[in-house]
Amino acid sequence: MSKILLHACCAPCSSAIVEYMMQNGMQPVIFYSNSNIYPREEYDHRLNECIRYAKKWGVEIVDDVYDHADWGLCAVGLEKEPERGGRCLQCFKYRLLRAARYAAENGFDTLTTTLASSRWKNLDQVNEAGRWACAQVEGVTWWDRNWRKGGLQERRNQIIKEENFYNQLFCGCEFSQ
């Protein structure tokens, strides 16, 4: 069976995906890499919700280095871009490259992301960034599953209520508020 690294942006987006994987014999490891989130308190709040949900399922979670200043370099000149614009693509590439590198260094052969579950994200951009990131490292395959389909969007909404998750209304970067 593949070793799956699941890049996660937040607990609400992770919820139905983790549940689906665990119920279908997959054992993901969550990689929380979100230097786009600002301020740090927002990052920590979202991380703590992910940790809480991961513990429920017995899923390992890895907290990547938080470096908002470094992430900001990928957004230079794109600050005024609309949501789903060029800034988002660069942000996805930044975060998924970090995930792909971690996957390659730690024996994972498959990478996917919870970004593909959010109706606020452009799925084509997410997959473009994921394919690009995996092409930068050896031995990691991008899993381009649409995590909105097959009842997962509806299940996600149920879990958010059941778990009383903090459900943020913006992606996390200061340009999206």
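**Close-up A. Helix 4 gives the most to the lining of the largest cavity, contributing five residues.** Helices here are DSSP runs of H or I with at least four residues, numbered from the N terminus. The model is predicted, so local features need pLDDT of at least 70 and side-chain atom pairs pLDDT 80 or more, while totals for chains, interfaces and linings use all residues. Residues count from 1 along each chain as its sequence is written, and side-chain values use heavy atoms, without hydrogens or water.

**Close-up B. The largest cavity has a volume of about 70 Å³.** Searching the whole structure turns up one cavity of 30 Å³ or more. A cavity is a set of points on a 1 Å grid over the protein atoms alone where a 1.4 Å probe fits but cannot get out, and lining residues have an atom within 4 Å of a point; the volume is the space filled by probe spheres set on the points. Among the lining residues you will find Trp 71, Cys 88, Phe 92, Arg 95 and Lys 121. By class, the lining has six nonpolar, one polar and three charged residues.

**Close-up C. Helix 4 (residues 86–105) and helix 5 (residues 123–135) cross at roughly 40 degrees, their axes coming within 8 Å.** Axes are lines fitted to C-alpha atoms over the stretch in contact, with angles from 0 to 180 degrees between N-to-C directions. The two helices are therefore oblique to each other, and their crossing is right-handed.

**Close-up D. Residues of helix 4, including Leu 89, Phe 92 and Leu 96, meet residues of helix 5, including Val 126, Ala 129 and Trp 132.** Contact means heavy atoms within 4.5 Å.

Notes. Parallel < 35°, antiparallel > 145°, perpendicular 65-115°, else oblique. Left-handed = near helix turned anticlockwise from the far one by under 90°. 1 Å grid on protein atoms, 1.4 Å probe; cavity = no way out; pocket = protein on both sides within 12 Å on 5 of 7 lines; lining within 4 Å. Nonpolar A, V, L, I, M, F, W, Y, C, P; charged D, E, K, R; others polar.
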